[in-house]
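Please keep the sequence and the model in view while reading.

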Amino acid sequence: MFLIDLKKKYDFYLKNKFSKLEIEYFFKILVKKYLQEDPIIILSDPKKKIGKKKAEFFFSALIDLKNNKPIQYILKEVYFCEKKFILNEFVLIPRPETEELVYWFLDNHNENYSEKSILDIGTGSGCIPIYIKLKRSKWKVESIDISDKCLNLAKINAKKHSVNVNFYKRDILNINNWDNKLDFVISNPPYVAKFQKKKMNLNVLNHEPHSAIFVENNEPLIFYKNIIDFAMVNLKQNGYLYLEINPLFCNKIVMLFEKSNLKIKKIKRDFFNKKRFIKAKKVDEY
């Protein structure tokens, strides 16, 4: 089969679902994935043929895209902070906002020469703690998640990147003390209230793990409350907590901090100009 004919099928069957640029992007990265060749060069050859077996990969991906399956799950990989991570449908697809959180944190704390300790809460694919460990090799980096499937994938990704991150199965909703006092806690917890589902795309609703995204309407701050309580006890004096938040609940989250020994140092907006991140410091009294 000619590759150009396969491209025409993508254009035809996906035209009502995606823009022309999106279809072009999907096809190019699938060419790179399945044919292991430069898509710019290979797509310039109108007589380029591909075998039946490889064509089946493209047709399978086409069906998945029509059914709103995210391209990251089709590829079984995702780039986070310019590093490639293995991905499956048991973990949330890392978002650009979370990259912003990690870059912001690293910009604020560049002391790689010293031994610091950090705990990531809700590891998913392991992208946050693994990237931090890559950039802060001397630090003790630990991470927790309630899901065995997430932890297994995170360990695979840590091995892929040749870093030592300690992963533990723990539930932040049922945890008190940590074995060692921490310099930092960082988390991107579930924070989308279920009433917000009606505004979300089908690729998220039908394919990504709801437990990693949604919280009950009557308890939208449940994870923030528990993370703040945990940080109050387990952070060292002058330690920092970094959170990715739901902008809709920013004011209510600020009120949680007002009842704690953590003082908000900055609320940072994301690239959409939404209040998305909080940095707080443990202080002497409250």
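The points below cover the overall layout, the sheet, a hairpin, a pocket and some individual residues.

The model is predicted, so local features need pLDDT of at least 70 and side-chain atom pairs count only at pLDDT 80 or more, while totals for chains, interfaces and linings use all residues. Residues are numbered from 1 along each chain as its sequence is written, and side-chain values use heavy atoms, with hydrogens and water left out.

**Overall layout**

- The chain has 11 helices and 11 strands; these are DSSP runs numbered from the N terminus, with helices (H or I) of at least four residues and strands (E) of at least two.
- Along the principal axes, the C-alpha atoms of the chain fill a box of roughly 70 × 40 × 30 Å.
- Of the 286 residues of the chain, 50% count as buried, where buried means under 20% relative accessible area, exposed over 50% and partly exposed in between (1.4 Å probe, protein chains only).
- Among contacts in the chain with a separation of 6 or more, 66% come from residues 24 or more positions apart; contact means heavy atoms within 4.5 Å.

- Strands of a sheet pair through backbone hydrogen bonds, either parallel or antiparallel.
- Strands S9 (residues 235–244) and S11 (residues 275–282) run antiparallel and are joined by 5 bridges. Within this pairing, Glu244 has Phe277 in S11 as its bridge partner.

**The hairpin of S1 and S2**

- S1 and S2 pair in the antiparallel sense over 4 bridges, and Phe80 has Lys83 in S2 as its bridge partner.
- The hairpin has 2 residues between the strands, and Cys81 takes a positive phi near 50 degrees there.
- Most residues other than glycine have a negative phi.
- Cys81 is in the loop between S1 and strand S2 (83–86), and Cys81 is buried, with a relative accessible area of 1%.
- Lys76 also has a positive phi, near 60 degrees, and is in the loop between helix H5 (71–75) and strand S1 (77–80). Lys76 is exposed, with a relative accessible area of 54%.

**The second largest pocket**

- The second largest pocket has a volume of about 600 Å³. On a 1 Å grid over the protein atoms alone, a pocket is an open set of points where a 1.4 Å probe fits, with protein on both sides within 12 Å along at least five of seven lines. Grid points are joined across faces, edges and corners, and the volume is the space filled by probe spheres set on the points.
- Of its 33 lining residues, those closest to the centre are Gly122, Gly124, Asp145, Pro190 and Ala212; a lining residue has an atom within 4 Å of a point.
- The elements that give two or more residues to the lining are helix H7 (127–135), strand S4 (140–145) and helix H8 (148–160).
- By class, the lining has 19 nonpolar, 9 polar and 5 charged residues. Here Ala, Val, Leu, Ile, Met, Phe, Trp, Tyr, Cys and Pro count as nonpolar, Asp, Glu, Lys and Arg as charged, and the others, Gly among them, as polar.
- Helix H7 is mostly covered, with 7 of its 9 residues buried; they are Cys127, Ile128, Pro129, Ile130, Tyr131, Ile132 and Lys133.

**Two further residues**

- Lys275 is in strand S11 and counts as partly exposed at 33% relative accessibility. Leaving aside neighbours within four places in sequence, the contacts of Lys275 include Ile245, Pro247 and Ile267.
- Asn176 is in the loop between S5 and strand S6 (182–187) and counts as exposed at 63% relative accessibility. Not counting residues up to four places away in sequence, Asn176 touches Phe230 and Asn234.

Technical notes:
Pairing = 2+ DSSP bridges.
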